[in-house]
Amino acid sequence: MSETPVKVIVDLSKPKGQRESIVPLTDEEIAERDAQAVQAELDRQAEEAAQAEQQALKDSANAKLLALGLSPEEIAAITGA
Amino acid sequence: MQLIETVELASAASSIEFTSIPQDGVDLVLKFSLRASDTGGYSYIDLALNGSSSNFSSVFLRANVQQATPVTSGSQTYQIEAGTTGDGATASTFANGEITISNYASSAAKSYSADSVTENNSTTASLAITAGLWNNTSAITSLELSLTPYNFLQYSSASLYKITAD
């Protein structure tokens, strides 16, 4: 069984040394986190796909520039890569 | 700039919240050193003010070392473009950064800025800066950092300061 996640609350109205409390998340908060975990994974996958697509476009553009006769140095000079 | 409180996590926690923030300062500054349970190298930090994550707007600039799109910029409706080092990064490294909120006790909308850098001695590392507005006229009495759905790991810390007029 996994441990219940906790949050740390620092109540600044209390004297120093008595301010910090560790509070377990409620079932509702845990359910919300689980739902957000699913969304975060989807977001991560989408970002990875976007990065891969961007890299593929870059590689394709570089290949075409090479085919036109530009040297790698010349390509780097105009693309900043 | 006066330190109000520092908290260092003795074990992992899903969020760090400062409540009952004293109202005798002009600006608030939160400095943080964080590591996330995410297995990646970069995790977004969420900011909530007075328990709210609504009515935020911001612009950001982010740079990612060793990624196909090294520099990203844009506008967003969420709070800050700030990252923390994920648990997939080099062991025992932490991200650091700070958030500054101007006129936090006033009845005007609150402008803020944030910057962060992640530490990672291999693969991706990132830095980000944000300028934003929380369009809410309430004085800020609580501030929460979270990392949903991940946790801040042990030894992560956050220090809240106030800047006073005198």
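**Close-up 1. The bridge partner of Ile9(A) in strand 2 of chain B is Glu17(B).** Strand 1 of chain A and strand 2 of chain B run parallel and are joined by four bridges. Two strands pair if DSSP finds at least two bridges between them. Strands (E, at least two residues) and helices (H or I, at least four residues) are DSSP runs, numbered from the N terminus. The model is predicted: local features need pLDDT of at least 70, side-chain atom pairs count only at pLDDT 80 or more, and totals for chains, interfaces and linings use all residues. Residues are numbered from 1 along each chain as its sequence is written, while chains are lettered from A and ligands numbered from 1 in the order in which they are written.

**Close-up 2. The contact between the chains takes 21 residues from chain A and 20 residues from chain B.** Residues are in contact if their C-beta atoms, placed from the backbone, lie within 7 Å. On the side of chain B that touches chain A, strand 1 (2-8) and strand 2 of chain B each give two or more residues. Strand 2 provides the largest share of that side, five residues. By class, this side of chain B has 10 nonpolar residues (Ala, Val, Leu, Ile, Met, Phe, Trp, Tyr, Cys and Pro), two charged (Asp, Glu, Lys and Arg) and eight polar (the others, Gly among them).

**Close-up 3. Leu30(B), Ile140(B) and Phe152(B) have the most contacts inside the largest nonpolar core, a set of 33 residues.** Such a core consists of buried Ala, Val, Leu, Ile, Met, Phe, Trp, Tyr and Cys residues joined through C-beta atoms within 7 Å. The elements that give two or more residues to this core include strand 1 (6-11) of chain A and, in chain B, strand 3 (27-34) and strand 13 (157-163). Strand 3 of chain B gives the most, with four residues. Leaving out residues up to four places away in sequence, Leu30(B) touches Glu98(B), Ile99(B), Leu143(B), Ala158(B) and Leu160(B).

**Close-up 4. Thr4(A) lies in the segment before strand 1 of chain A.** Thr4(A) is exposed because it has 10 other C-beta atoms within 10 Å; a residue with 12 or fewer counts as exposed, one with 20 or more as buried, and one in between as partly exposed, with C-beta atoms placed from the backbone. Beyond residues up to four places away in sequence, Thr4(A) touches Pro24(A) and Leu25(A). The C-alpha atoms of Thr4(A) and Gln18(A), 14 residues apart along the chain, are separated by 23 Å.

Methods:
Two residues are in contact if their C-beta atoms, placed from the backbone, lie within 7 Å.
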